[in-house]
Amino acid sequence: MSRPLHEQGGITASPYAPFSPADVRKMADAAFTVLEKSGLKVFSATALQAFKKAGAPIDESNGIARLPRSLVEDAIASNPSSITLYSRDGRNDCVLEKNRVYYGTGGTAIYVLDLNTGERRPSTLEDVVLNARLVQELQNVHLFTINVFPNEIENKEHIDVNRFFHALNHTTKHVMGGIYTRDGCRKVIEMAEMIAGGAEALRQKPFISLITLIISPFKIDRDYGEMTCDIAAKGLPVVVPTEPMCGTTAPVTLAGNVLTHVAETLGGIALVQSVRKGAPGICGSVGSTSDLRTMGNLAGCVERGMINAAVSQMAQHFEIPLYSTAGTSDAKQVNIQAAYESAISNLLVAMSGANYIHDAAGLMEFDLTVSYDKLVIDNEILGMCQRVLRGIEVTDETLAVDLMIEKGPAQDYLAEEHTVRFMRNEFFFPQLANRQKRDSMQPGTDAASRARAFVEQVRKAAPKEKLAPDLRERLLKAFAEIRPAGSRATTE
């Protein structure tokens, strides 16, 4: 019998592989060479000391750490090849390994498209909440990377704990997020430990993961370096992504961009393993191309999908879990451009076997803006990607040779038990797309209208808080800087 279509992700891909085996080996050798001969400029004292202790030569005059090939290869060997990003209810655990594929949100956009006016406005904590609530309901969005910035929080030290608290309070799916300050990072971890029932309980089943950054070209800044070391020391999943742009912070060629990606994120993995052997480090691939006419970064170009698919191929070569990027668009409204740019990159990167594809739903306008309608539409696109990854199952049952012989020529199959048995799981059934004939269509049944209706259904329902009342009160008491984001919440 066919597997059900509505499974919770982790389908293995039949890969789209931009590189030949010889290309992969050449790229890997080049990455080792760049890290050994050029190295990383490190502004974090803790990171620099960790590299030095691991055996990297340090140029004390300029803070450059050159990473010997043996050091990087040892880091690759000690980094887990399988990392589980746990959900709190156990229903949406994401096992990042080999070519298993999951999708999520992302971007930390600073704007949303307002549901009432349709105009772009600064995002708030209420948007963190509504995005989390929508992700909780969208079956093809497997985890929640906090995708908007709370612009009303003026104190930078308070941003991280507010974002994570409201995310954790409104979804039981795994919560991942970028972090802004070292103190905020520590508080987020402390809060998660309280929810988990202790530091060791959180380390054993981490339901949060944190994103730092390697700054292209080849820099580890003070804050991100210190936070990476703090997270690694705790033994929690940390993504060490890199964002090189063709022609500005990386060579203009796609191959040069991919090499920058690979070398930089391997440098991040080397840092994680230099701090704590076996800590769960996740490679990261975010970069894209630049519009050299305007010097702006592009999110919807097809080359971004190609780059991230190529990095996915390299991550599988090294057997390190990957946080990748797709589904983004440079469109300013939810229109045909937003649809085709998001669809093609999501499909390309999914077919490469990237483990976790972030930004896959809702993001647009050079990664600056989230659209709620697009979030729901992208969920449908991701369902179609899932169907592609499932492939075509070839068994005696699905071939139906005996049935064809039994029926003979010129006979239909509509009333056959075989048809009834397979019809629900063999095909992807869209929730938004309208497949009715023109003369039977009713107003408000087009895909865009159905997406908006879903958003409004979730928005108008009373939010159901996912943290128990006593735990929530303890957290609010422990972290007085947490601000309310709404007034209609009920406890689930």
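Where is the place of Ala-400? I located Ala-400 in the loop between helix H13 (396-399) and helix H14 (401-407). Here helices (H or I, at least four residues) and strands (E, at least two) are DSSP runs, numbered from the N terminus.

**Entry 1. Basis**

I note that this is a predicted model, in which local features need pLDDT of at least 70 and side-chain atom pairs count only at pLDDT 80 or more, while totals for chains, interfaces and linings use all residues. Residues are numbered from 1 along each chain as its sequence is written, and side-chain values use heavy atoms, with hydrogens and water left out.

**Entry 2. Backbone**

I looked up phi for Ala-400 and found a positive value of about 60°, although this residue is not a glycine. Ala-400 counts as buried at 12% relative accessibility; buried means under 20% relative accessible area, exposed over 50%, and partly exposed in between (1.4 Å probe, protein chains only).

Asp-359 is a residue other than glycine with a positive phi, near 70°. I placed Asp-359 in the loop between E20 and strand E21 (363-364), and its relative accessible area of 2% makes it buried.

I then checked omega between Ser-216 and Pro-217: the value is about 0°, and the peptide bond is cis. Pro-217 belongs to the loop between strand E12 (208-211) and strand E13 (219-220).

**Entry 3. Helix H10**

I counted twelve of the 17 residues of H10 as buried, so the helix is largely enclosed by the rest of the structure. Among them are Arg-304, Asn-308, Gln-313 and Phe-318. Glu-319 follows H10 and has a positive phi, near 60°.

**Entry 4. Cavities**

I searched the whole structure and found two cavities of 30 Å³ or more. On a 1 Å grid over the protein atoms alone, a cavity is a set of points where a 1.4 Å probe fits but cannot get out, and a pocket is an open set with protein on both sides within 12 Å along at least five of seven lines; lining residues have an atom within 4 Å of a point. Grid points are joined across faces, edges and corners, and a volume is the space filled by probe spheres set on the points.

The largest cavity holds about 60 Å³ of space. Which helix gives the most to its lining? H10 does, with four residues; helix H9 (254-275) and H10 each supply at least two. I list Val-262, Cys-283, Val-311 and Phe-318 among the lining residues. By class, the lining has nine nonpolar residues, one polar and no charged, where Ala, Val, Leu, Ile, Met, Phe, Trp, Tyr, Cys and Pro count as nonpolar, Asp, Glu, Lys and Arg as charged, and the others, Gly among them, as polar.

**Entry 5. Largest pocket**

I recorded a volume of about 730 Å³ for the largest pocket. Its lining comprises 31 residues, and Gly-107, Thr-108, Leu-213, Glu-243 and Val-286 lie nearest the centre. Helix H8 (residues 222-234) gives the most to this lining, with three residues. I noted 17 nonpolar, eight polar and six charged residues in it.

**Entry 6. Aromatic rings**

How many aromatic pairs does a search of the whole structure find? I found four. Rings of Phe, Tyr and Trp (its six-membered ring) pair if their centres lie within 6.5 Å; planes under 30 degrees apart count as stacked, over 60 as edge-to-face and the rest as tilted.

The ring centres of Tyr-323 and Tyr-356 are 6.0 Å apart with planes at 55°, so this pair is tilted. Tyr-323 lies in strand E19 (residues 322-325) and Tyr-356 in strand E20 (residues 356-358), so the pair ties together parts that are 33 residues apart in sequence. Tyr-323 is buried at 4% relative accessibility, and Tyr-356 is buried at 0%.

For Phe-427 and Phe-429, the centres are 6.5 Å apart and the planes at 85°, so that pair is edge-to-face. Phe-427 is partly exposed at 48%, and Phe-429 is partly exposed at 42%.

I also looked for charges over rings (NZ of Lys or CZ of Arg within 6 Å of the ring centre and within 35 degrees of the ring normal). Arg-88 lies over the face of Phe-207, at 5.9 Å from the ring centre, and Arg-120 over that of Tyr-111, at 3.7 Å.
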